[in-house]
Every structure is written in structure tokens, then in C-alpha cells.
Amino acid sequence: LGTNSIKSTGYDVANSLRFNSGSSDHLNRSTSSGNRLKWTWSAWVKKTKNGADEDLFSGYHNSSNFTRIQIGDTGVINFINKTSGSQNGKLESNRLFRDNSAWYHFVIVWDSGNATAANRMRVYVNGVEETSFQSDTQPSQDQVSHVNQDSKTNYVGTFDGSGTFFNGYMAEVVLVDGQALDPTSFGEFDSDSPTIWKPKNVSGLTFGTNGFHLDFENSSSLGADVSGNSNNFTVNNLTSVDQSTDTCTNNFATLNPLFATQDSGTITEGNTIYTASANAWGGSGSTIGLTQGKWYFEIQINNNAGGHFFGVIDDSANVNDNPHQRTGSTFYYSGGQMYKDGSGSGSYSTFGASDIGGVALNLDDNQISIYKNGSAIVSDFALSTTKNTLLVWVMGYNSGSDQLKVNFGGTPPFTISSGNADANGYGNFEYAPPSGYYSICTKNLAEFG
């Protein structure tokens, strides 16, 4: 298991970088001559979309000469080397990686000089080697890769800069040029929870000629290499708003495309924005469920033409049957009503396009409070008494111009002008969470959830 559910992780990762295929986000760097027979790539990855080929890293010369590391459209890991149009190395996993709520740690090793053929290409996930492959073609001894090729390009988040862009978050992206390392160079199993894999400080590694360490901590230079090599990457379509505190050591809630209504609505920007489809109610729930504690999140509606709901639902609800009309739901309707168990009541403030709503969810006392631009408009409204695990849920109706932007604190989907964290120092909100309320992330869940 990835480190998604323990409070004390030892080494904490401060930042990740959010990639969105819709804006062709990626990094690239021209390489010098390095070791093409032996190298190791490592990264922590939280994917936010399924059903499309998405490249994590590549060494690219042209369409006939490349090395790529990819999550395929079905969720398989593809590790491929092609030279002069011939595929001379490929591992394609049997196991599928389709969880949009968790962080995975991938370690990919190319070691074609190895005398043992089965050890020339290797894939590790969360500290454990993958050994079951639907396609397993090991390279011949001393077959060159296209990583570390002189005057060619390494890409992060795409294959060649023009397609198969990645959707999701990456943290601690590392290349070690000239060494075939196992996962213990980058992570370790937790001593108290020995099935949980967590990151280690990699600053002591020897990175080699083209090696790099991208920690994404410098928001004004997101491609900065902190290995000491200054192998900095060019940043394409990524800005400071794509720097995130949603990391492999503190996993924040996002919207969950695996738990959404079956309409044509879309979820983008690291699963923080839901865009409604035309003439149909649609929505999505959170990746993290809640049973106790006090929690805070924010929303912004960019257009209220069709009306929107935001609040919580019981995790057993049939989400394809208008959740706002069902028992176990408590919602605020942007037109100015509270809905509980499918019935609307009250006359409250409406939300316009620039307004930011705050939601304070008190599961210890079974209450919800709603804020508009920092001021309470509904206080201590009783939640539905029919509840098990509650999920944050947002939904909208109308055209593709109607969006609900949900800020769980890890990656704000709208501009934050002030910046406020919870009392534990987690989250980035426009308005300060009420006293005693916390952002929905794994470090807070380990303490209060």
C-alpha cells in the first residue's frame, strides 16, 4: 500500500505538481551523453483519469526510436524501448492501476548489460517487484535505450510533447543515470504498518550525468533540478497554481471519477473541477469518506445558469438517481435553499459566479454550516439522520459552461488571494476554516477521523 493512511511518515514530501492533459502540461529537457545501458527512474504518482494512454516519462528521439513509461488506457504499466522501428524491449503488466484516490510509487529500471536476461527491464510498485506480465520482451544484452541519449529529449508527463499527456499529480520525480537501483533507495516500509510503503529522502543519492531530482518546491521554477546537477527542465503550460500540497505523505481528497453520475459531465484539473453536461443533472463525490470529526472545504461556481448543489451524501446512495432527492443527503442549493433527504426549505443567499462558498461539516454533532465569501449564511443545520459514511458531493445542471470548483485544500482550482490553512497547517483556502475544523487529508484523518 502507498503511504495514504498514516500520520507520521518520517520524511514528508512538501509538494507535487498537477498535470492536466487539456492544457498539454509537461516538462522537457535536452540530454547530454550519459549511460544508455543502465539507469533508474522513480516517481510518486496519483492519477486522476482512466481510459486513455498517458505517458509518465520518455526518452524520445523520433517515432522509431524511443523509451517510454506509460499507464495504458486499461490501467496497465507499459515500459517500452524501440530502436529503428523495432520494439526490442517491453514489459506490460497484468495488474491494473486505476485507483484515482491513491498515490502509487513506481520504480523503473533499465539494465541491459545485466548477464541475467530477466533482470534487464524491471518494474516495482510500492516497493514490490511486478513479476506477472501479459507482454514480457527483455532486450538483448547491451541493447541501448533512448534515455541519456546525447542531444535528445527527456519528457515528463507526455510521450513527445504533442500527445498522451498525463492527468494527475507527480512528486519526487528522480532519474539516476548509470545505476540500477532497487526501491529501497527511494522508499521504505513503515515500521509500525509494515505493508505501507513510504518515501525516503533521496538527496544522498549519486545521480549521474543526466540524473535529476524534481521536488516541485519552487513555485517560480517548477522544473528545477535539486540533485546538484542543475539538469533543469523547461516548463510547458504549468504555472504556480499547479504546485500542490497533495502529496504521497499527505493525500488530499479530490473528486472521484469512479463515483460519479453516468452522464457526460467531465472532471478536470487534478479532479477538482466538475463541468456539467447539457440538460442533465450530474455530479461527483469525494475520494475520501467521513464518519466523524469536523471538516472544511470550499467551492466556487463559475456560472449559475442551471443551478448547483453542494453538500454530502450517504455512500450507499444511488448516484444515478438525482442524489439531492434522496434520503441520506444534505445539500445547499445555489438558488438559496437547504435540502435534506430530498426536500428543500428556507430562503437563503444565492450564489453568483464569483462567490466562494465554505462548508463546515460537523460529524460529531451531526451538523453542517454554509458560508458565503467568509460569512455564515446557514449555521448548525442538522444533517440527515440516515447516514453511514458521508461523501462530499457536488452536482450541476446545464451546459458545459457551468462548473463547480471544489477546493479541498491541496490544490485550489480557483485563485486564492489570501491563503489560509487549518490549525494543523494543512490546506490553502480563501477563507480561514472555522476554529476546530480541518481540511480533508490523510494526516488530519489519522488524527481526527
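Mentor: The count comes to zero disulfides. A disulfide here is a pair of cysteine sulfur atoms within 2.5 Å. This is a predicted model, where local features need pLDDT of at least 70 and side-chain atom pairs count only at pLDDT 80 or more, while totals for chains, interfaces and linings use all residues. Residues are numbered from 1 along each chain as its sequence is written, and side-chain values use heavy atoms, with hydrogens and water left out.

Start with Cys248. Its closest cysteine sulfur is in Cys441, 14 Å away, which is too far for a bond. Cys441 is likewise in no disulfide, as the nearest cysteine sulfur is that of Cys248. Cys248 has 0% relative accessibility, so it counts as buried. Buried means under 20% relative accessible area, exposed means over 50%, and partly exposed lies in between, with a 1.4 Å probe and protein chains only. Cys441 is buried too, at a relative accessible area of 0%.

Next, the loop between S32 and H1. Asp422 has its place there. Helices (H or I, at least four residues) and strands (E, at least two) are DSSP runs, numbered from the N terminus. At a relative accessible area of 6%, Asp422 is buried. Its side chain is joined to that of Ser439 by a polar contact of 2.9 Å. A polar contact is a pair of N or O atoms within 3.5 Å; within protein, one must be able to donate a hydrogen and the other to accept it, and residues adjacent in sequence count only if both atoms are side-chain atoms. Leaving aside residues up to four places away in sequence, Asp422 touches Pro433, Tyr437, Tyr438, Ser439 and Asn444. Contact means heavy atoms within 4.5 Å.

Thr411 lies in the loop between strand S32 (403–407) and H1. Thr411 is buried, at a relative accessible area of 4%. Its side chain makes two polar contacts to look at. One, of 2.6 Å, is with the side chain of Ser244. Another, of 3.4 Å, is with the side chain of Tyr169.

Now the charged pairs. Eleven salt bridges turn up in a search of the whole structure. A salt bridge is a side-chain nitrogen of Lys or Arg within 4 Å of a carboxyl oxygen of Asp or Glu. In one of them, Lys443 pairs with Asp12, with the closest N and O atoms 3.2 Å apart. Lys443 lies in helix H1 (residues 442–448) and Asp12 in the segment before strand S1 (16–19), so this pair ties together parts that are 431 residues apart in sequence. Lys443 is buried, at 6% relative accessibility. Asp12 is partly exposed, at 44%.

Lys90 forms a salt bridge with Glu92, and their closest N and O atoms are 3.3 Å apart. Lys90 is buried, with a relative accessible area of 15%. Glu92 also counts as buried, at 16% relative accessibility.

Glu129 forms a salt bridge with Arg122, at 3.0 Å between the closest N and O atoms. Glu129 is partly exposed at 26% relative accessibility, and Arg122 is partly exposed at 22%. Elsewhere, shared partners join the salt bridges of Arg18, Asp242 and Glu269 into one network.

Finally, step back to the whole chain. The protein has one helix and 32 strands. Its radius of gyration is 23 Å, close to the 22 Å that the globule rule gives for 449 residues, so the protein is as compact as a globular protein of that length. That radius is taken over C-alpha atoms, and the globule rule is 2.2 Å times the number of residues to the power 0.38. The C-alpha trace spans about 75 × 45 × 40 Å along its principal axes. Of the 449 residues, 56% are buried. Among contacts with a separation of 6 or more, 67% are between residues 24 or more positions apart.
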